[in-house]
Amino acid sequence: MHSSFPSPLLNLQSKRDLQVAEDYYSRAVVADPSDGEMISEYANLVWELHHDQEKASFLFEQAVQATPGDRYSFGEHFYKMLLVNMSIMLKSRREKSIGN
């Protein structure tokens, strides 16, 4: 699968770069809603920047619908995102229980 847009995530150094990339991806999704690879990259970025599980999940679902032949690849990315989210939640709970 080849994205029609070059990935802006290759040489990002700062949070500002990530915010610019997020804007790029949001416009790219509108321009080409059939590019599942690009949508999946956007979902990963949303997760990395905001830990917004709802939006990232929506985008992953959109990526799967755009390219149903790549369900395994997108499912693997989504699974990794969920594992990270669960790890963050568990760490937060442990810290709260230690503090109480």
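This is a predicted model: local features need pLDDT of at least 70, side-chain atom pairs count only at pLDDT 80 or more; totals for chains, interfaces and linings use all residues.
**Exercise 1. Find where L45 sits, and decide whether L45 is buried or exposed.**

Step 1: Look for the helix first. L45 belongs to helix α2, which covers residues 36–50.
Step 2: Take the relative accessible area of L45, which is 3%.
Step 3: Compare that value with the cut-off: buried means under 20%. At 3%, L45 is therefore buried.
Step 4: Now try a distance. Q19 is 26 residues from L45 along the chain, and the C-alpha atoms of these two residues are 9.2 Å apart.

**Exercise 2. Work out how many aromatic pairs the whole structure has, and classify the pair Y24 and Y25.**

Step 1: Searching the whole structure gives two aromatic pairs.
Step 2: The ring centres of Y24 and Y25 lie 5.5 Å apart, and the ring planes meet at 75 degrees.
Step 3: Planes over 60 degrees apart count as edge-to-face, so Y24 and Y25 form an edge-to-face pair.

**Exercise 3. Classify the pair Y25 and Y42, and say which helices the pair links.**

Step 1: Begin with Y25, whose relative accessibility is 1%, so Y25 is buried. Y42 is buried as well.
Step 2: The ring centres of Y25 and Y42 are 5.9 Å apart, with the planes at 20 degrees.
Step 3: An angle under 30 degrees counts as stacked, so this pair is stacked.
Step 4: Y25 is in helix α1 (residues 15–31) and Y42 is in helix α2, so the pair links distant parts of the chain, 17 residues apart.

Technical notes
Residues are numbered from 1 along each chain as its sequence is written. Side-chain values use heavy atoms; hydrogens and water are left out. Helices (H or I, at least four residues) and strands (E, at least two) are DSSP runs, numbered from the N terminus. Buried means under 20% relative accessible area, exposed over 50%, partly exposed in between (1.4 Å probe, protein chains only). Rings of Phe, Tyr and Trp (its six-membered ring) pair if their centres lie within 6.5 Å; planes under 30 degrees apart count as stacked, over 60 as edge-to-face and the rest as tilted.
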